[in-house]
Amino acid sequence: MAITIRDVAKRAGVAPSTVSRVIADNPSISEKTKNKVRTVMKEMNYFPNIYAQGLASAHSKTFGLVLPLASDAFYQNPFFPTVLRGINFEMAKHDYSILLSVGLDDDQRRKHIEKIVNGKQVEGLIFLYASKNDPLLRFAQEVNCPAVVIGSPDNTKVHFVDNDNDLIGYQATASLIQQGCQRIAYIGGDMKQFFIADRHKGYERALKDHELAYDPKRIYNDFAFLPSDGYNLAKDTLDLENIDGMVISDELVSEGIRAYLETQDNLNIKTVTFSAFKQDQISRKNNDAYINLNSHIIGARAVDILFEALDPEQASTRFIHEYVDADPHTF
């Protein structure tokens, strides 16, 4: 039979309400009584019903994590597990839990977000993506649910944390120019993704500042983010004879492109990509250049920003827009 609060109270010689206050760490209970009750809880192997406790206190101690629509690229891309590592590390400091959103399409996702927000199952939301006119983010704002976006959304009235993608697109392109590249391609992806579009802006700006012509024929978009896409792109589409450098916006696509280039002995094309974390040089072939996005820091900062939004003394109409520094490697 499960141990209840009444069982703990009886052995500790206190009222059940006192046990509840100890669980909630209520300051009205003395430290002596708290220690006594906690000792009994440990002896009886009693664990409080955190969900019920959250309902009673209006604090679920849970954040909702809103994922993008599921795809192979999402589950394989190192960016997402690295961000999650940072989120997990910071949440553990506060003894908070994560509740994942679910849904195979936008309608299912919206219904689940409404359920967990309106049902007070979460205190706030972390969006693991940024997209244009996102109905889920709009719903969170309409019901005044604290939220932070990982990425740069098209809405300034929301908290977000990201890299400065325009800047790192510029840095990646400038590094290739400094190495003597003159015919640099931009390998993007879905231009509706803000980070793809912003890195492209930085690429274009670097070419202009270094007086190199911008050639639309060297811009490649509209493909998925998988190594196979990168390999096939290099094999069938890229004009490799007229390219001496590439800025590749996605790490998995870069992996596929490099795999194909290694089969071509007569090509000497330099590449720069963007990595979720600092790479072990032993695991990187040809000492390829990359920019470390420090994605674990992005995840940790998203949690910190959400806690700040929850703090009545800190919360205001001010929205936090934060950029995490990225680090270039092997340039």
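**Helix 9 and the strands under it**

I began with helix 9, which lies across strand 6, strand 8 (245–248), strand 9 (270–275) and strand 10 and runs at about 155° to strand 9. For the angle, axes are lines fitted to C-alpha atoms, for helices over the stretch in contact, and angles run from 0 to 180 degrees between N-to-C directions. Contact here means heavy atoms within 4.5 Å. Helices (H or I, at least four residues) and strands (E, at least two) are DSSP runs, numbered from the N terminus.

Ground rules for my notes: this is a predicted model, where local features need pLDDT of at least 70 and side-chain atom pairs count only at pLDDT 80 or more, while totals for chains, interfaces and linings use all residues. Residues are numbered from 1 along each chain as its sequence is written, and side-chain values use heavy atoms, with hydrogens and water left out.

I traced an open sheet of six strands in the order 7-6-8-9-10-12, with mixed pairing. Its edge strands are strand 7 (219–220) and strand 12 (327–329), each pairing on one side only. Two strands pair if DSSP finds at least two bridges between them. A reminder to myself: strands of a sheet pair through backbone hydrogen bonds, either parallel or antiparallel.

Then I went through the pairs. Strand 6 and strand 8 are parallel, with four bridges, and I184 stands opposite G245 in strand 8. Strand 8 and strand 9 are also parallel, over three bridges; M246 has T271 as its bridge partner in strand 9. Strand 10 (residues 289–292) and strand 12 run antiparallel, joined by three bridges, and I291 has P328 as its bridge partner in strand 12.

Which way do the residues of strand 8 point? I found G245 and V247 on one side and M246 and I248 on the other, all of them buried. Buried means under 20% relative accessible area, exposed over 50%, and partly exposed in between (1.4 Å probe, protein chains only). Strand 9 is mostly covered, with five of its six residues buried.

I found an open sheet with the order 2-1-3-4-5-11, six strands in parallel pairing. Strand 2 (97–100) and strand 11 (321–323) are its edges, each pairing on one side only. On average, neighbouring strands of this sheet are turned by 20° against each other, direction ignored. Strand 4 (residues 147–150) and strand 5 (residues 159–162) run parallel, with three bridges, and I150 has V161 as its bridge partner in strand 5.

**Cores**

I150 came up again when I looked for nonpolar cores: in the largest one, of 61 residues, I150, I187, M246 and I257 touch the most other members. Helix 13 (residues 295–310) gives the most to this core, six residues. A nonpolar core is a set of buried Ala, Val, Leu, Ile, Met, Phe, Trp, Tyr and Cys residues joined through side-chain atoms within 4.5 Å. Leaving aside neighbours within four places in sequence, the contacts of I150 include F79, V83, V161, I298 and A302.

How big is the largest pocket? I noted a volume of about 930 Å³. Of its 41 lining residues, F80, Y129, Q193, F195 and F225 are the closest to its centre. Helix 10 gives the most to the lining, with three residues.

I also looked for cavities, and a search of the whole structure gives two of 30 Å³ or more. On a 1 Å grid over the protein atoms alone, a cavity is a set of points where a 1.4 Å probe fits but cannot get out, and a pocket is an open set with protein on both sides within 12 Å along at least five of seven lines; lining residues have an atom within 4 Å of a point. Grid points are joined across faces, edges and corners, and a volume is the space filled by probe spheres set on the points.

**Two single residues**

Beyond four places in sequence, K34 touches V22, D25, N26, P27 and I29.

Q182 sits in the loop between helix 9 (165–178) and strand 6 (184–187). Q182 has 43% relative accessibility, so I logged Q182 as partly exposed. Its contacts beyond four places in sequence are L212 and D244.
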